[in-house]
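My entries follow in the order I made them.

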Amino acid sequence: WGTHVGKSGRIFHECVTHYAIDADIHSTDLPDDVSHGEHPHGERGRLVHGRVGVHLYQGDGLDTSLEIYRAAGRKPGPLFLLDGDHSYESVLRELTSITREVPDAAVLLHDTFYQSKESGYNTGPHQAIGEVLAALPARYRTLHSGLGLPGMTLLYCPPSRKDT
């Protein structure tokens, strides 16, 4: 969620199209009546509007995404992209809810690069991810972009290894 003008959605759409991946992109942003400094208003989703396989919603990103997941029949291994308000509280709420309801989900989080408090950068997402991982130490592996700001973190469940 965090559609904004649709940059992330467009990247996912182009990858799905180019690699012929059988997937739809569902993206959620704030309702029109919600006040937020980054609210895109009339620009919401303009980079993906009308694209085949891209579905735009307005509402709470977590609630909407979980409703879509349930309605789709709880297909295994969905990918959630969290690019919301980047606060500790919201990232913790979102990750905790996803890991509870969708134990095999992969979660890609935007703006997660750790910075010291002195940098003035929001360390909330990084802290929330650490707490969720500490509570589920054997479930997820992580991949961090490590390329500086804004940073991306992927949480994924490794494939099961069967003894032969």
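Before going to the bridges I noted the rule for pairing: two strands pair if DSSP finds at least two bridges between them. Helices (H or I, at least four residues) and strands (E, at least two) are DSSP runs, numbered from the N terminus. With that I looked up histidine 144 and found that its bridge partner in E6 is threonine 153.

I noted the terms of the model next. It is a predicted model, in which local features need pLDDT of at least 70 and side-chain atom pairs count only at pLDDT 80 or more, while totals for chains, interfaces and linings use all residues. Residues are numbered from 1 along each chain as its sequence is written, and side-chain values use heavy atoms, with hydrogens and water left out.

**Entry: the chain**

I counted 4 helices and 6 strands. Along the sequence they follow the pattern α-β-β-α-β-α-β-α-β-β. The chain has 164 residues, and 35% of them count as buried. Buried means under 20% relative accessible area, exposed means over 50%, and partly exposed is in between (1.4 Å probe, protein chains only). I then looked at contacts, where contact means heavy atoms within 4.5 Å. Of the contacts with a separation of 6 or more, 70% come from residues 24 or more positions apart.

**Entry: the sheet**

I traced an open sheet of 4 strands in the order E3-E4-E6-E5, with mixed pairing. Strand E3 (79-82) and E5 are the edge strands, each pairing on one side only. From one strand to the next the twist averages 15°. For such angles, axes are lines fitted to C-alpha atoms, for helices over the stretch in contact, and angles run from 0 to 180 degrees between N-to-C directions.

In general, strands of a sheet pair through backbone hydrogen bonds, either parallel or antiparallel. I took the pairs in turn. E3 and E4 are parallel over 4 bridges, and leucine 79 has alanine 106 in E4 as its bridge partner. Strand E4 (residues 106-110) pairs with E6 in the antiparallel sense, again over 4 bridges. Histidine 110 has methionine 152 of E6 as its bridge partner, and leucine 109 stands opposite threonine 153 in E6. Strand E5 (residues 141-144) is also antiparallel to E6, over 4 bridges. There arginine 141 has tyrosine 156 in E6 as its bridge partner.

I also checked cover. E4 is mostly covered, with 4 of its 5 residues buried. Strand E6 (residues 152-156) has Thr153 and Leu155 on a covered face and Met152, Leu154 and Tyr156 on an uncovered one. In a regular strand the side chains alternate between the two faces of the sheet.

**Entry: H3 against H4**

The axes of H3 and helix H4 (residues 124-135) come within 8 Å and cross at roughly 30°. H3 and H4 are therefore roughly parallel to each other; angles under 35 degrees count as roughly parallel, over 145 as roughly antiparallel, 65 to 115 as roughly perpendicular and the rest as oblique. The crossing of H3 and H4 is right-handed, a crossing being right-handed if the near helix is turned clockwise from the far one by less than a right angle, and left-handed if anticlockwise. I listed the residues that meet: Tyr88, Val91, Leu92, Leu95, Thr96 and Thr99 in H3, and Gly124, Pro125, Gln127, Ala128, Ile129, Glu131 and Val132 in H4. By class, the contact of H3 with H4 has 8 nonpolar, 4 polar and 1 charged residues. Ala, Val, Leu, Ile, Met, Phe, Trp, Tyr, Cys and Pro count as nonpolar, Asp, Glu, Lys and Arg as charged, and the others, Gly among them, as polar.

I stopped at threonine 99, which lies in helix H3. Threonine 99 counts as buried because its relative accessibility is 6%. Not counting residues up to four places away in sequence, threonine 99 touches Val132, Leu136, Arg139 and Tyr140.

**Entry: H2 against H3**

Helix H2 (residues 61-71) and helix H3 (residues 88-101) have axes that come within 11 Å and cross at roughly 15°. The contact is made by Leu62, Asp63, Leu66, Tyr69 and Arg70 of H2 and Arg93, Glu94, Ser97, Ile98 and Glu101 of H3. By class, the contact of H2 with H3 has 4 nonpolar, 1 polar and 5 charged residues.

**Entry: proline 78**

I found proline 78 in the loop between H2 and E3. Proline 78 counts as buried because its relative accessibility is 18%. Leaving aside neighbours within four places in sequence, proline 78 is in contact with Tyr69, Val102, Asp104, Ala105 and Ala106.
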